[in-house]
Amino acid sequence: MTDKKRIQIFDTTLRDGEQAPGASVKPEQKIPLAAKLIELGVDVIEPGFPISSPGEFAAVQEISRRFQQVEICGFARAVKGDIEAAVKATQDAARRRIHLFISSSDIHLQHQMRKTRKEAVALAREMTAYARQFSDVVEFTAMDATRTRIEDLIEMVEVAIEEGASIINLPDTVGYALPQEYGNMFRRVREEARGGQTVQYSAHCHNDLGLAVANSLAAIQNGASQVEVTVNGIGERTGNAALEELVMALETRGDALGFTTGIAIDKLYETSRIISGAMHFPMAYNKPIVGRNAFQHESGIHQDGLLKDRSTYEIMNPEKMGIPRSMIILGKHSGRHALRDRLARYGIEIQGEELNEFYNVFKEAADQLKVVSDNQLLQMVSQSLGRPTQVYELGDVQVVAGSASNRVAAVTLHHLHENRESSHSSMGNGPLEAVIAAISQGIDAEITFGDLELHSLSGGEDAHAEAAVSVERKGKTYRGTAVHHDIVMAAGLAYVAACNSAVLSAEDEKQEMQMN
Ligand SMILES: CC(=O)SCCNC(=O)CCNC(=O)[C@H](O)C(C)(C)COP(=O)(O)OP(=O)(O)OC[C@H]1O[C@@H](n2cnc3c(N)ncnc32)[C@H](O)[C@@H]1OP(=O)(O)O
Ligand SMILES: CC(C)C(=O)C(=O)O
């Protein structure tokens with residue numbers, strides 16, 4: 001049991017999120033994405049804008065029919081046709097809401113809607129009443145609330161409440177507000193509007209000044225019980241408040257804030273990846289929570305602290321969010337603790353003077369590299385310490401790619417411990433899949449491929465790709481990384497490094513068991 005107040009998560013990834021240029025998905029793609037959002041535990045889904053296209057209408061209709069466990073929201077301008085389309089599209093939902101919006105600021109009324117305030121208020125009244133005829137739940141949004149004089153905002157909100165809106169959304173449509181101002185706006189409307197204490201409040205923030213999450217938190221602290229968010233913060237311009245950031249702020253600082261959500265935190269990362277992939281929206285490396293670097297550390301002092309106790313430099317546990325990340329990235333800022341730890345993963349134990357000497361070799365090489373991949377590190381070990389570091393080594397790789405429906409890869413694998421080599425070939429939907437499948441045939445141990453991440457390390461003609469592959473063996477996850485100017489090679493080398501790590505750790509375990 002928790003005494004924290006539950007905040008409703010209103011997910012608008014498939015409506016406002018999709019308004020980000022280049023993010024739109026086909027109507028049928030919205031169905032599995034909605035299923036993922038429901039698994040994640042959102043309370044309300046806004047799956048689209050029904051009047052805007054036949055495909056949007058069909059997607060909202062299908063989602064309303066299929067997903068009876070969640071509230072579905074139909075979005076509409078203060079236009080009868082929009083409301084009718086939203087009503088029809090959400091007709092079969094178990095719980096539905098009509099989300100009606102109209103501008104409240106002078107800027108919008110004069111320049112966009114070209115209406116006087118009197119006309120806009122009358123329209124807000126008429127359309128709220130119209131929507132209420134069809135739906136018990138009407139959410140009323142005063143678009144551009146944060147650039148509206150508070151007296152004008154209160155007047156419009158009062159009209160909506162009088163006509164039966166039970167949720168009042170006060171959006172920062174253009175990402176203009178500062179947290180204190182945004183919080184005060186909620187407090188004043190709640191306290192000063194007639195009927196203001198009888199309704200729920202919702203925050204909907206954009207990130208133009210990087211304040212969307214901070215503003216949403218300020219609204220919550222001033223009485224908002226719902227936040228409108230998108231996965232990965234995707235949305236118009238710089239986006240909306242990011243679901244994962246807001247949820248983790250509430251979770252991590254529950255001590256100071258006292259709020260909670262129904263979100264399944266262990267599904268945050270998976271959902272983020274799915275949305276990023278479906279909407280072709282890559283995440284910035286330093287994006288909070290789900291960015292590549294969010295839980296990675298390159299500097300020696302931090303790495304040393306983390307190896308001693310994770311809490312020294314991390315405020316959240318990435319595994320709790322389903323993030324399968326290695327926390328240590330080797331590079332020129334790394335120290336001996338991190339280096340020794342990484343080598344131990346490959347069954348290589350070095351210490352004392354040998355470690356000091358190898359550390360110098362490592363630093364010299366690291367000066368020239370952005371990151372030192374596992375594959376590069378193992379090569380350094382074999383060259384400078386003359387130690388066998390790998391069970392498998394990737395030899396020749398040939399790939400036939402192009403516009404044919406299947407890609408074919410042929411690889412040679414050196415089995416270093418047995419002094420033999422083997423050749424394998426396979427097909428795949430893409431060249432990476434074909435190479436991974438071909439290598440898998442030559443790995444004798446029972447290893448399951450987990451995940452592949454590819455990042456570009458540099459641009460231009462000298463571009464290099466960094467690949468990180470995870471594999472599973474006997475319930476444990478192992479990672480391998482590689483850097484190469486050819487992404488297919490980078491992926492193949494990283495996969496082999498991950499397999500080496502899995503096999504060498506298993507060899508270690510065997511040796512330990514024999515010694516005991
Ligand atoms: C802040 C937000 O996220 S608001 C949502 C924004 N999302 C979208 O616009 C995505 C989907 N939009 C669309 O497919 C189209 O814009 C449509 C179908 C909704 C409308 O298309 P059109 O009829 O061709 O109008 P268009 O988009 O060019 O112009 C918008 C019209 O709506 C009016 N309008 C804008 N907001 C509202 C509102 N809340 N209530 C009533 N009218 C409004 C504008 O004043 C303009 O009216 P006008 O034609 O009389 O000048
Ligand atoms: C219309 C509302 C909900 C909105 O999307 C915004 O103001 O950004």
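**Reading a ligand shell, cores and domains**

Modeller: In the shell around ligand 1, β5 (95–103) and α4 (106–113) each supply at least two residues, and the largest share, three residues, comes from β5. Helices (H or I, at least four residues) and strands (E, at least two) are DSSP runs numbered from the N terminus. This is a predicted model, in which local features need pLDDT of at least 70 and side-chain atom pairs count only at pLDDT 80 or more, while totals for chains, interfaces and linings use all residues. Residues are numbered from 1 along each chain as its sequence is written, and chains are lettered from A and ligands numbered from 1 in the order in which they are written.

Biologist: Which residues around ligand 1 come nearest?

Modeller: A residue is near a molecule if its C-beta atom, placed from the backbone, lies within 6 Å of it. Here there are 16 residues around ligand 1, of which Ser-52, Arg-77, Ala-78, Ile-102 and Met-113 come nearest.

Biologist: How should I read a nonpolar core, and which residues of the largest one touch the most other members?

Modeller: A nonpolar core is a set of buried Ala, Val, Leu, Ile, Met, Phe, Trp, Tyr and Cys residues joined through C-beta atoms within 7 Å. A residue is buried if 20 or more other C-beta atoms, placed from the backbone, lie within 10 Å of its own, exposed if 12 or fewer do, and partly exposed in between. In this model the largest core has 97 residues, and those touching the most other members are Ile-45, Leu-100, Ala-124, Val-157, Ile-168, Val-227 and Leu-246. Helix α8 (residues 212–221) gives the most to this core, namely seven residues. A second, separate core of 50 residues includes Ile-329, Leu-377, Val-496 and Ala-498.

Biologist: How is the protein divided into domains, and how many residues does each of domain 1 and domain 2 bring to their contact?

Modeller: Domain bounds come from an automatic or database domain assignment; here they give domain 1 (5–278), domain 2 (294–385) and domain 3 (392–515). The centres of domain 1 and domain 2, taken over C-alpha atoms, are separated by 44 Å. Their contact takes eight residues from domain 1 and six residues from domain 2, where two residues are in contact if their C-beta atoms, placed from the backbone, lie within 7 Å. On the side of domain 1 that touches domain 2, α9 (243–252) and α11 (268–278) each supply at least two residues, and α11 has the largest share with three residues.

Biologist: Where is the place of Gly-291, and is Gly-291 buried or partly exposed?

Modeller: Gly-291 sits in the loop between α11 and α12 (300–308), and Gly-291 counts as partly exposed because 16 other C-beta atoms lie within 10 Å. Leaving out residues up to four places away in sequence, Gly-291 touches Met-283, Ala-284, Tyr-285 and Asn-286.

Biologist: How do I read a helix such as α15, and which of its residues are buried?

Modeller: An α-helix has 3.6 residues a turn, so residues three or four places apart point the same way. The expected span of a helix is 1.5 Å times one less than its number of residues. Helix α15 (residues 374–385), with 12 residues, reaches 16 Å from its first C-alpha to its last, close to the 16 Å expected. The buried residues of α15 are Asp-374, Asn-375, Gln-376, Leu-377, Leu-378 and Val-381, and just after α15, Gly-386 takes a positive phi of about 65°.
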